[in-house]
Amino acid sequence: VYHPNLPEAAKDMQAISTFLMENGVSEVVTGAVNDDGLQAEVGKRKLDMVIALGGDGTMLRAGHLCAINDLPLLGINLGHFGFLTELDRTKWPEMLPRLFSGEFRIEERSMLRAEQIHQGKIKATWDVINDVVVCRGSIVRPIHLNAYVDHHLLASYVADGLIVATPTGSTAYALAVGGPILAPELHTNIIVPVAPHLSPDQAVVLPGDACVEIEVLNHHQAVLSIDGQTPVLLDPGDIVTATGSPYHLHFVRFKDPSYFYSHITRFMEHNPATNGDE
């Protein structure tokens, strides 16, 4: 699968498809990562893995597809950031043969399941790779939220928002607002406030199966964003829940597990996002 707006992606996709077929793969299914028809095909066919060409946005979209179909995901970076990807664009010819010799490992990432509860009924459900964010909308004014953990009040917040993030998401928006970096193999989640005003400002680390409930108390606009996608409007009294998802995301890794620490240091010293991100 590939990012549809990257001109080089289709060319690379064809080259990789040809390589795979020449090395004994019986069938290769290709298409844009946001194509509904491709997503349906992946769900119907007995596939072995997904290769995603793009940046971290492409990886998140492909990750949702892989998690629900229990498929491992290998990312090849064609974007600027590519923190979740495994290979640079120039490296795949020398690294992909390792798939056939078994010289790789599978890295499991935990996920969240989020629900929007409106007037006591579940209105929508999502499985989440990075984060669940409840935040202010277009009105530049803090919102009032209550946060509960396993039905016990943790804190009341007056803030721009509240983030519930997985270890994968701990290096995304949660990191930008001062949250801790979690090792990817942990089965924990974190709550991080965004610009709290006279409210608790510390991040809280929770077990992966803890249930977080965020109650919207204010009467001006609040929104919910899942993995940075299009915001969903929330009404006063709505509750957003986040707990462990039954799904997991599995990345194909060629590197040693210690790669994560040097990887994060390199990205923090030379942030590729300053040049844009795909």
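**Rings and a buried threonine**

Analyst: Let's start with Phe19, which is buried at a relative accessible area of 15%. Buried means under 20% relative accessible area, exposed over 50%, and partly exposed in between (1.4 Å probe, protein chains only). This is a predicted model, where local features need pLDDT of at least 70 and side-chain atom pairs count only at pLDDT 80 or more, while totals for chains, interfaces and linings use all residues. Residues are numbered from 1 along each chain as its sequence is written, and side-chain values use heavy atoms, with hydrogens and water left out.

User: How many aromatic pairs turn up in the whole structure?

Analyst: Rings of Phe, Tyr and Trp (its six-membered ring) pair if their centres lie within 6.5 Å; planes under 30 degrees apart are stacked, over 60 edge-to-face, the rest tilted. Here the search finds 5. One of them joins Phe19 and Phe100, tilted, at 6.3 Å centre to centre with 55° between the planes. Phe100 is partly exposed, at 41% relative accessibility.

User: And how is the pair of Phe260 and Tyr261 arranged?

Analyst: Edge-to-face: 5.3 Å centre to centre, 85° between the planes. Phe260 is buried at 3%, whereas Tyr261 is partly exposed at 46%. Ring pairs also link both of them with Phe83 and Tyr259 in a cluster.

User: Is Thr168 buried or exposed?

Analyst: Thr168 counts as buried because its relative accessibility is 3%. Contact means heavy atoms within 4.5 Å. Leaving aside residues up to four places away in sequence, Thr168 touches Leu84, Arg109, Ile129 and Asn130.
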